[in-house]
Amino acid sequence: MQIVTSNSVSDQEQLIEKMEIFKIQGRDKRGRKILRIIGKFLPARELSTESLKKYLEEKIFPKLGERPFSVMYVHTDVQRSDNFPGISTLRSIYEALPINIKENLEAVYFVHPGLQSKIFLATFGRFLFSGGLYAKLKYVNRLDFLWDHIRRQEIEIPDFVYDHDETLEYRPMMDYGMESDHPRVYGAPAMESPTPYSMRCIS
């Protein structure tokens, strides 16, 4: 992650708050709180790993409490040069999470994953993230499939996400639905993916 050194940690925390990158909002169909993360809003070039960790520790984790929760990460329009902090930063943040937060995180819904992110996580995800995080990951290629798991009326989705979703009407069938390398992780019925695992690189 590239850092704008003129910004103090306090300034960076205020920027995170202003952009509403992280927001606890709504519940999923199993009653768990949802931590909504909008990747496009993350000004990665202006934030340090330290500021991200500090903000999460002070502003987000206390609100999650001691109960199970899920994460909805929206990857729509994320660009490596602008709003992607890098795998090493993400891993550093995850490894620094308190043990109770790791244990209570039960599901990660990855909305609008790009092909590159799918291939990378399928290949290296198991090795980069300890504590079973990779096993909790589900790719959600269309919003219609997200509402099978999340209470639609309780969560805000930016307009650009809906716009992108509409463009997927013209994509091949392999871009539809929900996919997971671990379809039975949650103990819930697995959703059939039209994409054969043989096309998923390393599964």
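Author: Buried means under 20% relative accessible area, exposed over 50%, and partly exposed in between, with a 1.4 Å probe and protein chains only. The model is predicted, with local features needing pLDDT of at least 70 and side-chain atom pairs counting only at pLDDT 80 or more, while totals for chains, interfaces and linings use all residues. Residues are numbered from 1 along each chain as its sequence is written, and side-chain values use heavy atoms, with hydrogens and water left out.

Reader: What makes strand S2 largely enclosed by the rest of the structure?

Author: Strand S2 (residues 33–38) has five of its six residues buried, so the rest of the structure largely encloses this strand. Strands (E, at least two residues) and helices (H or I, at least four) are DSSP runs, numbered from the N terminus.

Reader: Why are S1 and S2 said to pair?

Author: Pairing requires that DSSP finds at least two bridges between two strands; strand S1 (residues 22–27) and S2 have four, in the antiparallel sense, so they pair. Lys23 stands opposite Arg36 in S2.

Reader: Which sense does the pairing of S2 and S3 take?

Author: S2 pairs with strand S3 (residues 69–74) in the parallel sense, over six bridges. The chain crosses from S2 through helix H2 (residues 49–64) to S3 in a right-handed β-α-β crossover, a term meaning that, with the strands pointing away from the viewer, the path from the first strand over the helix to the second runs clockwise.

Reader: What makes Ile87, Arg91 and Glu95 in H3 contact residues?

Author: Contact means heavy atoms within 4.5 Å, and these H3 residues meet Phe120, Phe127 and Leu128 in H5.
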